[in-house]
Structures are given as C-alpha cells and as structure tokens.
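The following exercises are to be worked through with the sequence and the structure at hand. Each task is followed by its solution in steps.

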Amino acid sequence: MWPAPSVPRPPSTLAATVLLCAAVLLGGCTSPASDAETVSEELEQLASSYEVRLADGLETGLPVRDDGFAYAVDLGNTMSAAVALGNRSLFDRAYGMIRAHFLRVDTGDPRARHTVLWRYKPGTAPDASGSKETGLLADALWEAYERWGNPEHRRMATKVLDAYLRHGYWETDRRFVVKNYYNYGTQTLSENTWVLNQMPHTVRKIACGTQDASLFRRANAMARFAEGAYLKKGFSREMYDKGIETVFDGADGYYSPNGLLKLQSSLEIAKALLPFTPAPAREIIGFIRASYPDVSSAYYYNPRSKAIAPLAETSEQTYGLSEKALVLLLATRVRDSPGEAFLQDFVDREIVPELKRRRDESSSPFYFDVPLMLEAAQRYLRPDQVPAPPGESECTP
C-alpha cells in the first residue's frame, strides 16, 4: 500500500512553524524551499564534475573494464546521457567508438547487418550481438535526432531498430519476443530470452515518430510479453522459456533461476513498460520507499507463499548507483505518485552521498553506472527540458 500523500498543513501548524523559524536570525532554522535548493545545487555540481570525467575518460580511448573488454552498453548509456545533457561532443565521441568497434555494417550476413557487438577487445574475434545493446543504440540515435535534428541519426536509428527486431519472433498468441543475441559464427539466435531485453518503449517511441503501423504492432505485442512476467510489488520474473510449460503444470514459461529477482532487472522492465502501464514503476518505487534503509540488489521469490524477501542481508547486497539511478529516473517519470518531497529526500539521502563517496573512484563499470545517473539527475533537475518519451495518449497508430 502506498503511504498517504502529503497534505497542506493547517494554519495553526504554519503559524507554529513561523514562530519556530524566527530562530533563523540566529542560524537555527532552514526552510524546506532552501533545503530543496541546497540539494539541487549539490546534485548539479556533482553531476557537472562527473560529466567532465566521462568526457575526459573518452579522450584517452575506449572505456575498458577490468576484464580487458569494452562494452557496448557502456557507450550506449553514455550516448543517452549525452543527449539528455545536451552534450553533443560527448555524444559524437561515444557514437564514433560504437561505429568503429561495435556496429556491424560491412558484413555479408544480412541478419547481422546493423547489429551491435556486445563487447570488444582487440585481437578477439566478434562472437555475438547483444539485443539490448542494439536496441539501446537505436534509442540513443532517435533521441539525438529529436534533440538535434540530424537526419543521419534518424536514418541509422531506424536501421538499427530493424536489426534489433530481427532478434525477435512472434509467439502463436501474438506476443512479440526478442532473444538475447545473434551468434555471428553459427548465424543463429540464442536459446535464452531475458525479459529485460524487451524494449517496447523504444519501439513505440520510433513508431510515434514514423507513424509506422508495423512498429506499433510490435511495440504493443512486446509490451504484452513483458507484462506477462510481472509478479507483484514492481518485480518481474527474469527469463522466458516456452518449453517450461510442457514440464510443469500451470507454468506459463516465465521464470527466475533459483527464484532470484534482481532489482536492476525489475527496474529496467518497469522502465520499458512506462508508456503502456505505469503500475510496475509506481509499485517498485513504493516498495523501495517502504523498505528503506534495507534495500537489497537481489530478492528471493517464494512461489508457494508468494513472498518477496531480500536474498541476503549483507553489505554486498546493498543496491548500487545504477539501481538508484533507475529508481530516480522512474520516480521523475511518475512524479505525481511519490511526490516532490520523496524525490528531494531520495536525492539527498541516496544520490548525493553516493556520488560524493565515489567521487575519487574509477570502478570497472563506471561508464555503465554514471551515465544512468546523469540522465536521471537531468530529468530531476530540469524536467521541462528533457521531455519524457511518448505515452499511450500522445500518439496513435
């Protein structure tokens, strides 16, 4: 159940507050408005410093993780953040790296054309695309087109989106399902299907811009598939395998290995479903709000009791920067539900301290985590300057 929304204080309470705040002359009282300004100023300064670090890092070359690979998702996240920030030079540099090392253009395999290699390491043969990475590039290119009007971005966005959709297939009940990757060697799609790789919001976004009826159909069919994974409290099951239905009575093909529910996955799925239904986003924000400070990165779902509980209560299971960024991003998209007081408190309590703590760190997934946070911060600080993707009421097939 959602906590009751805040209501205006009665005049007597306001009067008491005025009396108490007379102490402001002695430095003993701070108004809520000034608190909000202070939090926003701190976030603005931190975000600016991290934006400079992102740009400076790319000046030295590909962002490589500890395993020696550069990952397309890191550059895709950076491109999306650059669009939100209006930083065209950062976008161009990240996109240039994608084109040079990840985007498959000169290939004799038509099924591979315009797909995105999931990770790159010099001297290592390309093995497979990533469907999520391919969809993420299409999304970032389309956002760039809408912000800066470059027709080349629009052209490439539609080509890459087509490659993303080639990772998919139609179920007999007219759901559209995207597989995890395309193997360049065997020229086959993966057996596995991760629900978080479904990006109906991206398909719909480009459908809205092109008024392509076939894209609308795929977006709606993919959203139905993703909604089928939903459990409760904003959480969704991780994977899908049609064959499970033949093994277990009553199974619908959706499952989470060992009952594990990753917070990151459910946040990503809730984000993808926002233009179709905001319920998962509202509910997972409510769950996190009610669970604070005991929020975990992983939960266990008991199919018998249908309870969702933290997998382990250890510091290693505490949710991190990328998950907090997604919480903030979702909260800014359903701003009316948590309210401004929650947003301000969340930024003050969760975001600003985390950014301060990591100010001098350069963790391996830096280019995965930080761009997500910069995009979320921009949407929090300047909601009118970063328009939300179209919703159901904003465009029609």
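A residue counts as buried when its relative accessible area is under 20%, as exposed when that area is over 50%, and as partly exposed in between. The model examined here is predicted.

**Exercise 1.** Determine whether Glu-268 is buried or exposed, and identify its salt-bridge partner.

Solution. Glu-268 has a relative accessible area of 13%, and therefore it is buried. Its side chain meets that of Lys-132 in a salt bridge, at 3.8 Å from N to O. This pair links distant parts of the chain, since Lys-132 belongs to helix H5 and Glu-268 to helix H9 (residues 263-273), 136 residues apart. Lys-132, at 14% relative accessibility, likewise counts as buried.

**Exercise 2.** Classify the two partners of the salt bridge between Arg-175 and Asp-173.

Solution. The side chains of Arg-175 and Asp-173 meet at 2.8 Å, N to O. Arg-175 has 11% relative accessibility, so it counts as buried. Asp-173 has 43%, so it counts as partly exposed.

**Exercise 3.** Check the span of helix H6 (residues 151-165), and describe its N-terminal end and its packing.

Solution. With 15 residues at 1.5 Å a residue, helix H6 should span 21 Å; the end C-alpha atoms are 21 Å apart, which agrees. The buried residues of H6 include His-153, Met-156 and Tyr-164. Among the elements against which the buried residues of H6 pack are helix H4 (88-101), helix H5 (131-148) and strand S3 (168-170).

Terms used:
Residues numbered from 1 in each chain as written. Predicted model: local features only at pLDDT ≥ 70, side-chain atom pairs only at ≥ 80, totals over all residues. Heavy atoms only, no water. Helix = DSSP H or I, 4+ residues; strand = E, 2+ residues; numbered from the N terminus. Expected span 1.5 Å × (residues − 1). Buried < 20%, exposed > 50% of the residue type's maximum accessible area, 1.4 Å probe, protein only. Contact = heavy atoms within 4.5 Å. Polar contact = N/O pair within 3.5 Å; in protein donor to acceptor, adjacent residues only side chain to side chain. Salt bridge = Lys/Arg side-chain N within 4 Å of Asp/Glu carboxyl O.
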